[in-house]
Amino acid sequence: MDRTLSPGELLDPRYEVVPFHGRVDELAELARWWDDGSRCSVLLLHGPAGVGKTRLARHFQAGSGVVVVDDADLVTGLDLHEPRVLLIARTPGWWWSAVRQRATRQGYRTDDLAVTPCPDEHETSFATACAHFAYALGLTLPTAAAPDVATLHELHLAALAEVCATPAHWLVTTDPAPGRLAEDALAVALLDDRISPDRTPDALQTLLRAAARLPHVRRRAEELFTAHPELADRAAVAALRILAEWPATAGAVARRVFDDPRCHGDPLPAILTRTLAEQASTRLERAELHGLLAARAALASLHEEALAAARHEVALYRQLAAEDPDEHRPALANALRDLGLRLVAAHRPEDALAASREAVALCRVVAVEDRDATSRLADALDQLSRRYAALGRRTEALVAVDEAAELYRGLARAHPELFRVDLDEVTRRRSALARGDQ
């Protein structure tokens, strides 16, 4: 490089001013992943900001040619096309669960590897960093011992400060680069309560990423988004996933997130709903929110999380129905129907059949007490027929769909504009079953 690097650039892992060293165990794990024999595989490297994930991935990539996606948690709608993909992120979370479940359906093997601090390597790392920073800047090599810090970034920042004989925070604020350095610069600035955070999309992302690490930045972010929830329209969807986990701001931005078309199919609405459910003050409100959580998680390919939420919803409605059957039995039947759908998505057909059977039994009781609930029984029978058919139990499937068709015929005679389509659909399904097509 023809020019002298600035302090921020000296710390930027892309410039590799300090040669890669150590991480023998992690490199061995990456080599095993590369050679595991899978046709397609994706691995997530995750660990705290500044721990050395990017340097590790770049070093491994140089010898393997693997595709690396840094800050993968900030990539909206991440698609996998290459046979070997190495993702880097600070935390796994639901974004990774969604990617993992989609990747599994595409035939990928998925795994993750935590990158943790290596304090036993810090003395060598600190001395190495001091030597290379001093050489790059033409300054005297210091002789200080390695400080007690948590991450490689903090260790290198301390080494640079030692070489320059300058307080570390001055180095950070002088020339912040993207990522961890920008967050550190912002964190220093926001120690002064008179300074207001910038509100551009990039600045909001930096704010929220820093807030996930530092309590005083989180306080400022919570104050900002609570006072100005419209900023959710401006911030990146991936960055808002951090905000969605905070009880103090979840309610303030909820409506804007749920109405935002950018969020459709993203884990963000599900994460936000989970936070709201944890805050709910009554059992009924928690049950309703877990039903919404199951639906929103399913839309984001979070099928395991959707199933867990549906089970929680059913458990809550069971408690409520035990105390007041007339009031809550219909809702329990609906929750069981939805549970069946989540079990189907999780490839558990026997369990889905059991849930559908219980839903039909409850709907029979409700329909006796309330004739307006007949359509609910017809729908439950149709779903039960589908569950039997999926297991190859055609005779039982025909019995259930025949009863559903009979109920829909009566409903269609009384209200043709409401139920004719349902009757036609069930009739087509019945004919297909009779022919052996399902």
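Contact here means heavy atoms within 4.5 Å of each other. Keep in mind that this is a predicted model.

**Two helices side by side**

- Meet α16 (residues 325-345) and α17 (residues 349-369), whose axes come within 8 Å and cross at roughly 155 degrees.
- Angles over 145 degrees count as roughly antiparallel, and therefore α16 and α17 are roughly antiparallel to each other.
- The crossing of α16 past α17 is left-handed.
- On the α16 side, the residues in contact include Asp326, Arg329, Leu332, Leu336, Gly340 and Val344.
- On the α17 side, their partners include Asp351, Ala355, Glu358, Leu362, Cys363 and Glu369.
- Sorted by class, this contact has 14 nonpolar residues, one polar residue and six charged ones.

- How many cavities of 30 Å³ or more does a search of the whole structure find? The search turns up two.
- The largest cavity holds about 170 Å³ of space.
- It is lined by 17 residues, and the closest to its centre are His21, Arg23, Glu121, Ser125 and Leu152.
- Helices α5 (122-137) and α6 (152-164) each give at least two residues to that lining.
- The lining of the largest cavity splits into eight nonpolar, six polar and three charged residues.
- The second largest cavity has about 30 Å³ of space, and Leu78, Asp79, Leu80, Val99, Arg102, Ala103 and Gln106 line it.
- Four of those lining residues are nonpolar, one is polar and two are charged.

- The largest pocket contains about 920 Å³ of space.
- Its lining has 38 residues, and Pro13, Thr54, Asp70, Gly179 and Arg180 are the closest to its centre.
- Which element gives the most to the lining of the largest pocket? That's α3, with five residues.
- Other elements that each supply at least two residues include β3 (84-89), α8 (180-189) and α9 (201-211).
- By class, the lining of the largest pocket has 17 nonpolar, nine polar and twelve charged residues.
- The second largest pocket has a volume of about 510 Å³.
- Among the 25 residues lining the second largest pocket, Asp73, Arg90, Thr91, Ala212 and Ile242 are the closest to its centre.
- The lining of the second largest pocket divides into twelve nonpolar, four polar and nine charged residues.

Note on methods. Residues numbered from 1 in each chain as written. Predicted model: local features only at pLDDT ≥ 70, side-chain atom pairs only at ≥ 80, totals over all residues. Heavy atoms only, no water. Axes fitted to C-alpha atoms, helices over the stretch in contact; angles between N-to-C directions. Helix = DSSP H or I, 4+ residues; strand = E, 2+ residues; numbered from the N terminus. Parallel < 35°, antiparallel > 145°, perpendicular 65-115°, else oblique. Left-handed = near helix turned anticlockwise from the far one by under 90°. Nonpolar A, V, L, I, M, F, W, Y, C, P; charged D, E, K, R; others polar. 1 Å grid on protein atoms, 1.4 Å probe; cavity = no way out; pocket = protein on both sides within 12 Å on 5 of 7 lines; lining within 4 Å. Points joined across faces, edges and corners; volume = space filled by probe spheres on them.
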